[in-house]
Amino acid sequence: MVKFTVLNGVVVPLDRANVDTDQIIPKQYLASIKRTGFGEGLFAEWRKDREFVLNQPRFKGATILLARKNFGCGSSREHAPWALMDYGFRCVIAPSFADIFFTNSFKNGFLPVVLREDEVDRLFHECAAFPGFRVVVDLDKQTVAPTDGSFAMRFEIDPFRKYCLLNGLDEIGLTLRHADKIRAFETQRKAQHPWYF
Amino acid sequence: MRTLYDKLWDSHVVHVEDDGTALLYIDRHLVHEVTSAQAYEGLRNAGRKPWRVDSVVATADHNTPTTNWDEGLEGVRDKFARLQIETLDANMKEFGAKVYFPYLDKRQGIVHVIGPEQGATLPGMTVVCGDSHTSTHGAFACLAHGIGTSEVEHVLATQCLVTRKMKNMRVNVEGQLARGVTPKDVVLAIIGRIGIAGGTGYAIEYAGSAIRAMSMEGRMTVCNMSIEAGARAGMVGVDDTTIEYLKGRRFAPQGAEWERAVAYWRTLKSDPDAKFEREVTLDAREIRPHVTWGTSPEMVVPVDDAVPDPDKEKDSVRREGMERALQYMGLKPRTPITDIRIDKVFIGSCTNSRIEDLRAAASVVRGRRKASNVKVAMVVPGSGLVKEQAEREGLDRIFRDAGFEWREPGCSMCLGMNPDRLDPGERCASTSNRNFEGRQGAGGRTHLVSPVMAAAAAIAGHFVDIRKW
Ligand code: SF4
């Protein structure tokens, strides 16, 4: 997995709540057996509208997406974080996320940051006020701050997820350190409840 | 003093990190063609083998055509869909499974229909699948939820999921449902009440006399849409209905083992004084047939109501969401739901494609014709076995005589990855679970309803209150 440490990037304000994974990557782009190339399908329907934020030249090269609550609801498709990553994003900031999207993101070195609703509001205002508004997302310090450092917002993250992201660790490798425990659990379960095997 | 979810969780924890991140053992892994290819590729690249092949039950369902089966693989016109189907075939040959129902097999079908049908979903299991509607299996007192492709690979390689414990929520539905009101209406009413993020972070247990009175099919419909309320998992405790359903199914235990299993399964319910972080109660008698009007399942009203007016919404983000939804749906505020005319009807999906759903829909359609403004009304059984059963009962004839199309099993127009789609602007009465923009085809407009409501809409050409049918 790719590491995530510090990210300094332009913020794209996507002022919508409940952005679902069918919008992030419509199904007509799911028919691939690879993990790459999904950027083309990112918000494909919405991008048909010339006014849509991603079509505005000033957000070219942006790496941070800003959205409203319940981002990533709907299907379990991991193609959603893949598409965001493939397009160039590394982080999305929102007041809340749907569970499966949230989990999928971490597996790909893509950081979902939860900030309070008023903090997200403030970032939307900054985006509107300052073209090319950038923030620095520092995973180790768990902060989001504008590049001039005029303020900083703190976010929470599970220590285990943070550790994996900072070091770009392969989760399967980590789990297999417990292979003996898994085997022991399995043996006991098989003896007690053989009908599950 | 534990909830059902607590019990399921406790019986599967292999290891816990200091921060609460746990390794959870997985009993059943359901695999389909759209979310597994990259996982198997990952295994191959890392030189890893699946941990326990006999935990895997696989099928191709998401993008398989519902016509042209007589042409074999040639009938899959979309070359990418075909590649995914062939890739699953190849992966099954290379890695294996407990059982695999390939495209064209007579037991093939929607993964969430065939698991229970085969008795491959048993109470007390942890069940995962790279599909968010895995919550369906919770109807059997399983801890069942959707996972992403990296997790599919992780479960294949380690038989465990890295996860954290969720919170407990109980939704009680008490009392008797009125005639014409179905489990689909119950779950739509629940989502309307708690919202599409209301269950985020929770495992929901459905309880109360109305849930107890439901068949397994009905409970599956309710659990299926837990994810539409934001909850990864939904579940119902074991009772006689659960046990009856499982008896004699192919992968259910037999003989003395069956007796032992049943004794254990009977413990799989919440203790009387178990604590839930959140409880919600609905009066079953007040639930009416529901119809969604917008682009998220929480945008739902009873059929005798009207499209809501965004001007009455105080929250600005919500109001804008409503306005966008109305524009997308081509609807005006305050339009009575029963005035909405439709172009297509879809009866199918893992929410409502089981035999009971088809029987209910057929009972409405019997001896009638679909309305002339309804271009297509299609019935897509959830599995080959459901289809066979329906044909034995003559349901296919009833639908065909009424001008409906009788298709081969699969996900079909639930997500339109195969050729079954809405055209831009087309309006559909659908028994599926998602009404997101473009879900059933770019520009398509989806109204989620129960099978009887969909059937009645096909006949009338617009929504009707099935209670007055
Ligand atoms: S029927 Fe629809 S919701 Fe169910 S598994 Fe298939 S695509 Fe997913």
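User: Why are α6(B) and α8(B) called roughly parallel to each other?

Analyst: Happy to walk you through it, keeping in mind that this is a predicted model. The axes of helix α6 (residues 183–194) and helix α8 (residues 216–224) of chain B cross at roughly 25°. Angles under 35 degrees count as roughly parallel, and therefore α6(B) and α8(B) are given that description. Their axes come within 8 Å, and α6(B) passes α8(B) in a right-handed crossing.

User: How do you know which residues make the contact between α6(B) and α8(B)?

Analyst: Contact means heavy atoms within 4.5 Å. On the α6(B) side the contact is made by B:P183, B:K184 and B:V187, and on the α8(B) side by B:G218, B:T221 and B:V222. By class, these are three nonpolar, two polar and one charged residues.

User: What makes β11 and β12 of chain B edge strands?

Analyst: Look at the order of the open sheet: β11-β10-β9-β12 in chain B, with parallel pairing. Strands β11 (233–235) and β12 (278–283) each pair on one side only, and that is what makes them the edges. From one strand to the next, the twist averages 20°.

User: How do you know that β9 and β12(B) pair?

Analyst: Pairing needs at least two bridges between two strands, and six bridges join β9 (residues 167–174) to β12(B). So by that cut-off of at least two bridges they pair, and they run parallel. For a place to look, B:E174 stands opposite B:D283 in β12(B).

User: Where does α6 lie relative to this sheet?

Analyst: Helix α6 lies across β9, β10 and β12 of chain B, running at about 130° to β12(B).

How values were computed. Residues numbered from 1 in each chain as written. Chains lettered and ligands numbered in written order. Predicted model: local features only at pLDDT ≥ 70, side-chain atom pairs only at ≥ 80, totals over all residues. Heavy atoms only, no water. Helix = DSSP H or I, 4+ residues; strand = E, 2+ residues; numbered from the N terminus. Axes fitted to C-alpha atoms, helices over the stretch in contact; angles between N-to-C directions. Parallel < 35°, antiparallel > 145°, perpendicular 65-115°, else oblique. Left-handed = near helix turned anticlockwise from the far one by under 90°. Nonpolar A, V, L, I, M, F, W, Y, C, P; charged D, E, K, R; others polar.
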